[in-house]
Amino acid sequence: MAPDSPVLAEIRELRVCLPHVVGVLVASVDGLLIAQDADGIEPEVFAAMSAAQLGLGQQIIAAVRSGEFRETVTTATNGYVAVFAAGASALLTVIAGRELNVARLHHEARPVAARIGELIQHVETR
């Protein structure tokens with residue numbers, strides 16, 4: 001993705017707005033990396049794992065008939081990994097340290113995921 005792309009600008013701004021975030025990436029729902037701003041991880045591997053998380057989330061939701069996948073947050077002793085639906089064809093993944101304010105994560109990341117979904121849909125419909 002071009003360094004001046006709107007998707008990359010969105011994820012970089014999210015990193016600035018959220019203290020303790022160590023990486024942000026956008027992947028397609030089939031696990032292909034679209035954009036990333038993350039150090040110390042393998043973004044292609046995280047893109048694939050994000051898609052796997054989506055698949056698991058969709059199966060859990062289907063089992064209880066709760067609608068469409070929106071997001072999931074995995075909590076570990078030293079941090080968080082959150083995966084948000086970004087429209088119908090992409091995912092926004094946020095990797096953060098344990099000091100992250102999860103309520104603020106939701107407040108900041110949900111609108112970013114929505115905007116990224118719109119940006120990607122716009123590119124796909126060209």
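**Close-ups of a predicted chain**

**View 1. Arginine 65 counts as exposed, because its relative accessibility is 77%.** Here, buried means under 20% relative accessible area, exposed means over 50%, and partly exposed is anything in between (1.4 Å probe, protein chains only). This is a predicted model, in which local features need pLDDT of at least 70 and side-chain atom pairs count only at pLDDT 80 or more, while totals for chains, interfaces and linings use all residues. Residues are numbered from 1 along each chain as its sequence is written, and side-chain values use heavy atoms, leaving out hydrogens and water. To find arginine 65, look in the loop between helix H2 (43-64) and strand S3 (71-76). Helices (H or I, at least four residues) and strands (E, at least two) are DSSP runs, numbered from the N terminus. Arginine 65 isn't a glycine, yet its phi is positive, near 50°.

**View 2. Histidine 20 has a positive phi too, near 75°, and is a residue other than glycine.** Is histidine 20 buried, partly exposed or exposed? Its relative accessibility is 40%, so histidine 20 counts as partly exposed. You'll spot histidine 20 in the loop that links helix H1 (6-17) with strand S1 (21-28).

**View 3. Serine 50 sits in helix H2.** Serine 50 has a relative accessible area of 2%, so this residue is buried. Which residues does serine 50 touch, if we skip those up to four places away in sequence? The answer is Leu25, Val83, Leu91 and Thr93, where a contact means heavy atoms within 4.5 Å. Now find leucine 32: serine 50 and leucine 32 are 18 residues apart in sequence, and their C-alpha atoms are 9.5 Å apart in space.

**View 4. Leucine 92 belongs to strand S5 (residues 90-97).** With a relative accessible area of 0%, leucine 92 is buried.

**View 5. Strands S3 and S4 (residues 79-86) run antiparallel and are joined by six bridges.** Two strands pair if DSSP finds at least two bridges between them. How many residues does the hairpin use to join S3 to S4? The hairpin goes through two residues. Across the pair, threonine 74 stands opposite valine 81 of S4. As a general rule, side chains in a regular strand alternate between the two faces of the sheet.

**View 6. Zooming out, the chain has three helices and five strands.** Buried residues make up 41% of the 126. Among contacts with a separation of 6 or more, 48% come from residues 24 or more positions apart.

**View 7. The charged side chains are 9 positive and 14 negative.** Lys and Arg count as positive, Asp and Glu as negative, and His and the chain ends aren't counted. The centres of the two sets lie 7 Å apart, with each charge placed at NZ of Lys, CZ of Arg, CG of Asp or CD of Glu.
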